[in-house]
2 protein chains.
Amino acid sequence: MDLEEKIAEYQFTGEGLSGFLIERTAKRLKRAFQQELTKMNAGLTADQWVVMDLLANKGALNQLEICRYLAKDPPTVTRILDLLVDKQLLQRKTDPEDRRRFLVSLTRGGMNRHFELITRVKEFRKKHFNALSPYDIELLLSVLEKINQSIDEE
Amino acid sequence: MDLEEKIAEYQFTGEGLSGFLIERTAKRLKRAFQQELTKMNAGLTADQWVVMDLLANKGALNQLEICRYLAKDPPTVTRILDLLVDKQLLQRKTDPEDRRRFLVSLTRGGMNRHFELITRVKEFRKKHFNALSPYDIELLLSVLEKINQSIDEE
DNA sequence: TGTAAATAATTAGCATACGAACTAAATGGA
DNA sequence: TCCATTTAGTTCGTATGCTAATTATTTACA
């Protein structure tokens, strides 16, 4: 199937060809990662893991910082944190500098859980990452960047 | 920021760099398209529009066919169809060939609604599509294809 | 200093994503 | 023909995405 045909085939997708294909690949990657987590009895969703891994790398953050890093909305982050707090994997502490904010950080249990999982997660990343050459990644980034810019231009 | 730094920056994202960036771009495209629909008082979500546009192009389909075209799960498609039937934009008719199936098609009202919206939707597609050269699109497709293959190899 | 505006987080409501379990209908082999 | 298996679609439960509205706190300016 050549390019013309592919474009015709997905012409019905609203955001267009690229939107549909990008969304589909994103969903598949996330699903594969979720299945990996399930296999290792992580007791976490993909999104919950990402928050934990972010905190493991950056230390305590407030919720808007988490939103910005992960490109998620405040309500979504609130809910993910609630679930992780319920599991006693992280804690909210009021920021003394600004009492509107919480400083969110891993509990000791959260750090342990992260440590147990990180090795296998890294293997997963490497496996799919290695499917792409550095050149592929450059290309992907530049094309995604162009799409993002065309959205920003509104 | 060079490639190394970008990779380091997003190292915490579970599925890896590409997963995060792909998902983020997909979400932004969809959100932009949804806002466009809202602006034109379409009375539809992006996903609902996509279903209607698919049926406008392909004629009557059963639900699994819709699932395959749109890469959505059966329960998700069931619910989207329920909402569109409530709005009297489409109808389910039992397939006489196989009474487990429904043939789903646009109602007259659905066809009218589609006709009212399609011009502006096409403009939206073109605007973001034009940000990419045919060469960019080829590259994007080939990189996404590699990622998909590496997922399929499980 | 006092108050309006801005900011951080939450809540509520609706829609989508996905796995699992379920119903009804069709199919295939003994 | 009968019954196990498969297939099409739905229902349920949990989690996420997004908008709008709300609360509590801080900032900015008159």
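Is F124(A) buried or exposed? F124(A) is buried, with a relative accessible area of 2%. Buried here means under 20% relative accessible area, exposed over 50%, and partly exposed in between, with a 1.4 Å probe and protein chains only. The model is predicted: local features need pLDDT of at least 70, side-chain atom pairs count only at pLDDT 80 or more, and totals for chains, interfaces and linings use all residues. Residues are numbered from 1 along each chain as its sequence is written, chains are lettered from A and ligands numbered from 1 in the order in which they are written, and side-chain values use heavy atoms, leaving out hydrogens and water.

Over all chains, the structure holds 2 aromatic pairs. Rings of Phe, Tyr and Trp (its six-membered ring) pair if their centres lie within 6.5 Å; planes under 30 degrees apart count as stacked, over 60 as edge-to-face and the rest as tilted. F33(A) and F124(A) form a tilted pair, 5.3 Å centre to centre with 50° between the planes. This pair links distant parts of chain A. F33(A) lies in helix α2 (residues 17–39) and F124(A) in helix α6 (residues 108–129), 91 residues apart. Helices are DSSP runs (H or I, at least four residues), numbered from the N terminus. F33(A) is buried, at 0% relative accessible area.

In chain B, the ring centres of F33(B) and F124(B) are 5.3 Å apart and the planes meet at 50°, so the pair is tilted. F33(B) sits in helix α2 (residues 17–39) and F124(B) in helix α6 (residues 108–129), 91 residues apart. Both F33(B) and F124(B) are buried.

Charges also sit over rings. The charged end of R92(A) sits over the ring of F102(A), 5.8 Å from its centre. The criterion is NZ of Lys or CZ of Arg within 6 Å of the ring centre and within 35 degrees of the ring normal. R92(B) lies over the face of F102(B), at 5.8 Å from the ring centre.

Key. Helix = DSSP H or I, 4+ residues; strand = E, 2+ residues; numbered from the N terminus.
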